[in-house]
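Here's a quick look at a pocket and some strand pairing. Have the model open as you read.

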Amino acid sequence: MNRKFFNSLRALYESMLVLVVIASAALLIGALYYALKVGSRGAVRFDAAFNEVGGIKEGSSVLFKGMPVGAVGKMRYDAATDKILVRIEITKQVDVPANIKPYVEKSLMGQSNIALRTEQQTGTKELLADVVRRHQAGDKDGLYRIDGVELSRLDAIKPGLDAKSDEAIDVARKTMHRTEELAEQSNAALTKASQDLEKVAATLNQAGQAVIRSESQIKKLGSASEKLGSASDNVNGFIQVLKVKPSALVWGLSDQQRTMMNQAPGTRRPSATPVRK
């Protein structure tokens, strides 16, 4: 009786063991199938090139729109480009678009991760997996590479602060450049105005000298006019004498006639009485 009971238990145990083995095999086959399916559809591996990767290490999280999609793999320095190449391994089945850019995000606690952000879409929307697969099919050396950006802690908390800061700095730089240009233009205008004032002063000086010369010429002309008037008076007086005594040209003038000539014409008429010399 006991022996038959133990044989029954043994047969049941062997049957259950077979079922467990079959179930384990099925689970293993399913896991392999799922892994192959995920690997063929969503697993993506590429290199991200950074100037600095502070806080990033192997095993750091890779996020897409805040969702964990993979991890950081091997890291190495590329002397040819002076960049740090970070292996990005996307293991989750996520349709990541091709227009992404890796960013090193730093938290306030010092931890860092790689964030995949989408850039502005141009042309037909394409998946990153398709681009990587096409790159590998071309027998190119190395993995597909994307240039990355290191963000500050403030930009990691509120995206866009770094860009706004750069924009503000660029505007300030342009404003300073424009201010320097205006200062140079003002200096040039002041120099031109100073030169023009010097020319005006020189012109006024020349005009003043011309006025002084004109005054001198006027004075000389006035003196000559006075002399001409005196000579005219003498001639007029002599003509009056000749009217009184035409023979004065032959016999000369008497003292009385000379006195008449010395007098201003019109103030005294010469005497009509003939003077005997």
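## What lines the pocket

Strand S1 (44-50), strand S4 (83-90) and helix H2 (128-137) each put at least two residues into the lining of the largest pocket. Helices (H or I, at least four residues) and strands (E, at least two) are DSSP runs, numbered from the N terminus.

The model is predicted, so local features need pLDDT of at least 70 and side-chain atom pairs count only at pLDDT 80 or more, while totals for chains, interfaces and linings use all residues. Residues are numbered from 1 along each chain as its sequence is written, and side-chain values use heavy atoms, leaving out hydrogens and water.

## The pocket itself

The largest pocket has a volume of about 170 Å³. Of its 11 lining residues, Ala43, Val44, Arg45, Val132 and Gln136 sit closest to the centre. A pocket here is an open set of points on a 1 Å grid over the protein atoms alone, where a 1.4 Å probe fits, with protein on both sides within 12 Å along at least five of seven lines; lining residues have an atom within 4 Å of a point. The volume is the space filled by probe spheres set on the points, which are joined across faces, edges and corners.

## Around strand S2

S2 (residues 61-64) runs antiparallel to S3 (residues 67-78), joined by 4 bridges; strands pair if DSSP finds at least two bridges between them. In their hairpin, with 2 residues between the strands, Lys65 takes a positive phi near 55 degrees.

S2 also runs parallel to S6 (residues 112-118), with 3 bridges. Leu63 has Pro68 as its bridge partner in S3 and stands opposite Ala115 in S6.
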